[in-house]
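Here are my notes on the structure you sent. Please read them beside the sequence and the 3D view, one point at a time.

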Amino acid sequence: MKKDGFTLIELLVTMVVLAIMITIAIPVFAVWLPDYRLRAAARDLYSNSQLAKLTAVRNNSNCTIVFTGNDYTVFVDSDNDLEYDVGEEIVTQVSWADYKDIGLDTSQGGGTGLTFMTNDDGLPSIAFRSNGIPIDNAGGLGSGTAFLVNIKGMTRSVEISTVGNVSIQ
């Protein structure tokens, strides 16, 4: 007589095969994850830099990125001072803690992991004018790099050039 379904032996063999596959996959996943998070953080900073440039063009006003030790903020800089003031529109704010085990590479950029000129508050910053060209706190052409590192020591950098090109290295 034929019965539909699986035997207990078939189910046990399937579970053993799955357990072996999971045992192999977990270490591979653990090695891959820090690099994935680093690439994600670099892509997000790249995207938010492009967003700042597009916001400046769209709003016909400066849009600034200000870095603090633990995060960065993109905002519409209505008074063009490269400093966030109460009432200025925040476009986005990102915390480095959102990316587990990712931070600024303090071995580069003069110990901060950043090469952007500082604003009057002493915070690294860069703004995009309404034509998409970056400026620094002195009003000249702005440029700089953010150096990111993960727990494995792998690095990526996001660079903003004086003509407004944003790239990931």
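**Notes on the predicted model**

1. Keep in mind that the model is a predicted one. Asn-80 sits in the loop that runs between strand 2 (71-76) and strand 3 (90-95). Its phi is positive, about 55°, although Asn-80 is not a glycine. Most residues other than glycine have a negative phi.

2. Asp-101 is not a glycine, yet has a positive phi of about 65°. Asp-101 is found in the loop between strand 3 and strand 4 (102-104). Its relative accessible area is 37%, which means that Asp-101 is partly exposed.

3. Next, look at Gly-87. This glycine belongs to the loop between strand 2 and strand 3. Is Gly-87 buried or exposed? With a relative accessible area of 71%, Gly-87 is exposed, because the cut-off for that word is over 50%. From Gly-87 to Val-76 there are 11 residues in sequence, and the distance in space is 9.8 Å from C-alpha to C-alpha.

4. Thr-112 is placed in helix 2. A relative accessibility of 39% makes Thr-112 partly exposed. Between the C-alpha atoms of Thr-112 and Asp-101 the separation is 17 Å, and along the chain these two are 11 residues apart. Which residues does Thr-112 contact when neighbours within four places in sequence are left aside? The contacts are with Leu-104 and Thr-106.

5. Ser-161 lies in the loop between strand 8 (155-160) and strand 9 (166-168). Its relative accessible area is 18%, and Ser-161 is therefore buried, since buried means under 20%. Not counting residues up to four places away in sequence, Ser-161 touches Pro-134, Gly-142 and Ser-143.

6. Now the aromatic side chains. How many aromatic pairs are there? The count comes to 5 aromatic pairs, where rings pair if their centres lie within 6.5 Å. In one of them, the ring centres of Phe-67 and Tyr-72 are 5.7 Å apart and the planes meet at 40°, so this pair is tilted. Both residues, Phe-67 and Tyr-72, are buried.

7. Phe-67 also pairs with Phe-116. This aromatic pair is stacked, with 5.2 Å from centre to centre and 15° between the planes. Phe-67 is part of strand 1 (residues 63-67), while Phe-116 is in the loop between helix 2 (109-113) and strand 5 (125-128), so the pair ties together parts of the chain that are 49 residues apart in sequence. Phe-67 has a relative accessibility of 2% and counts as buried. Phe-116, at 7% relative accessible area, is buried too. Taken together, ring pairs link Phe-67, Tyr-72, Trp-96 and Phe-116 into a cluster.

8. Consider the chain as a whole. Its secondary structure comes to 2 helices and 9 strands. Reading along the sequence, you will find the pattern α-β-β-β-β-α-β-β-β-β-β.

9. Of the 169 residues in the chain, 39% count as buried. Among contacts between residues at least 6 apart in sequence, 53% join residues that are at least 24 apart.

10. Last, the surface and the charges. The accessible surface of the chain is about 9,600 Å², and 59% of that belongs to carbon and sulfur atoms. The chain carries 11 positive and 19 negative side chains. The centres of these two sets are 18 Å apart.

Methods
Residues numbered from 1 in each chain as written. Predicted model: local features only at pLDDT ≥ 70, side-chain atom pairs only at ≥ 80, totals over all residues. Heavy atoms only, no water. Phe/Tyr/Trp six-rings, centres within 6.5 Å; stacked < 30°, edge-to-face > 60°. Buried < 20%, exposed > 50% of the residue type's maximum accessible area, 1.4 Å probe, protein only. Helix = DSSP H or I, 4+ residues; strand = E, 2+ residues; numbered from the N terminus. Contact = heavy atoms within 4.5 Å. Areas by Shrake-Rupley, 256 points an atom, 1.4 Å probe, with all protein chains shown as cover. Lys, Arg positive; Asp, Glu negative; His and termini not counted. Charge placed at Lys NZ, Arg CZ, Asp CG, Glu CD.
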